[in-house]
Amino acid sequence: MNTLKLTYFDFPGGRAEPARLALHLGGIAFEDHRFAFSDFAEVRKTTPLGQVPTLHINGIQVTQSDAITRYAGRLAGLYPEDALQALLCDEVMGALEDINVKIGATFGLTGEALESARKALVAGPLPLYLKWLETQLEQHGGEYFADGRLTVADLKAFVVLRWLVSGKLDHLPADLLDMQAPTLTAYVQRIAAIPAIAQYYASL
């Protein structure tokens, strides 16, 4: 059995969370190494590209969050074996990562600059992506994004969409999903209600 150590910030979200969820749901043993934001300057010195998450597999360090999530998904049986369904899964994960990048570009801004940048996202890019995600969900049966079952695409969608409407991102309205893609609101609630996921967050 592989020895796994997943390293990321100590909060229930972000780029490591889909992999955390996948490993948890799959009953895969791993060290969930979390660190405070104040320790990032030191942690990043130990990473290949100065960023997290990273995954150590028997001492081999791997970077890139979507690659880590797909690996965790394969271990947990939450990544499609069919090539087309895997492609659809990857497509959604890539779009969600685009959202992460666009919002991440506003970090470090303050005051009017932050407000302007976030409002620009709400006015254009975010509705575009959210409506596309809503269409993808509906076209693939309305329950999940790929393979007719829960996959890591759903875990990443759950994490990113929940973050968008958490109220923790200044100048992003908490009713953004309700206004732009209401199907996704019910989707997030449904994923959150999956017993193993609800149990995971209840235990934190």
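When I speak of helix axes in this talk, I mean lines fitted to C-alpha atoms, for helices over the stretch in contact, with angles that run from 0 to 180 degrees between N-to-C directions. Please keep in mind that this is a predicted model, in which local features need pLDDT of at least 70 and side-chain atom pairs count only at pLDDT 80 or more, while totals for chains, interfaces and linings use all residues. Residues are numbered from 1 along each chain as its sequence is written, and side-chain values use heavy atoms, with hydrogens and water left out. The helices (H or I, at least four residues) and strands (E, at least two) that I name are DSSP runs, numbered from the N terminus.

Let me begin with the helices. Two packed helices are described by the angle between their axes and the distance between the axes. For H1 and H7, the axes come within 9 Å and cross at roughly 130°, and the two helices are therefore oblique to each other, on a scale where angles under 35 degrees count as roughly parallel, over 145 as roughly antiparallel, 65 to 115 as roughly perpendicular and the rest as oblique. The crossing of H1 and H7 is right-handed; a crossing is called left-handed if the near helix is turned anticlockwise from the far one by less than a right angle, and right-handed if clockwise.

Which residues in H1 and H7 meet? On the H1 side they are Glu17, Pro18, Leu21, Ala22 and Leu25, and on the H7 side Val152, Leu155, Lys156, Phe158, Val159 and Arg162, where contact means heavy atoms within 4.5 Å. Sorted by class, the contact of H1 with H7 has 8 nonpolar, no polar and 3 charged residues; here Ala, Val, Leu, Ile, Met, Phe, Trp, Tyr, Cys and Pro count as nonpolar, Asp, Glu, Lys and Arg as charged, and the others, Gly among them, as polar.

Helix H1, which spans residues 17-25, also packs against helix H3, residues 65-76, and in this pair the axes come within 8 Å and cross at roughly 10°. That angle makes H1 roughly parallel to H3. Pro18, Ala19, Ala22 and Leu23 in H1 meet Ile68, Thr69, Ala72, Gly73, Leu75 and Ala76 in H3, and by class this contact of H1 with H3 has 8 nonpolar, 2 polar and no charged residues.

Is Val152 buried or exposed? At 0% relative accessibility, Val152 counts as buried, given that buried means under 20% relative accessible area, exposed over 50%, and partly exposed in between, with a 1.4 Å probe and protein chains only. If we leave aside its neighbours within four places in sequence, Val152 is in contact with Ala22, Thr69, Gly73, Leu78, Tyr79, Cys89 and Met93.

Thr106, in the loop between helix H4 (83-104) and helix H5 (111-123), is likewise buried, with a relative accessible area of 4%. Not counting residues up to four places away in sequence, Thr106 touches Leu114, Ala117, Arg118 and Leu121.

Now to the sheet. It is an open sheet of 4 strands in the order E2-E1-E3-E4, with mixed pairing, where two strands pair if DSSP finds at least two bridges between them. Its edge strands are E2 (31-35) and E4 (60-63), each of which pairs on one side only. Strand E1, residues 4-9, is joined to E3 by 4 bridges and runs antiparallel to it, and within E3 the bridge partner of Leu4 is Ile57. Strand E3, residues 54-57, is in turn joined to E4 by 4 bridges, again antiparallel, with Ile60 in E4 as the bridge partner of Ile57 and with His56 opposite Gln61. E3 and E4 form a hairpin with 2 residues between them, and in that turn Asn58 has a positive phi of about 50°.

Finally, a few backbone details in the loops. The peptide bond from Val52 to Pro53 is cis, with omega near 10°, and Pro53 is placed in the loop between helix H2 (40-43) and E3. Gln64, in the loop between E4 and H3, is not a glycine and yet has a positive phi of about 80°; Gln64 is partly exposed, with a relative accessible area of 41%. Asp147, in the loop between helix H6 (125-139) and H7, has a positive phi near 65°, and at 26% relative accessibility Asp147 counts as partly exposed.
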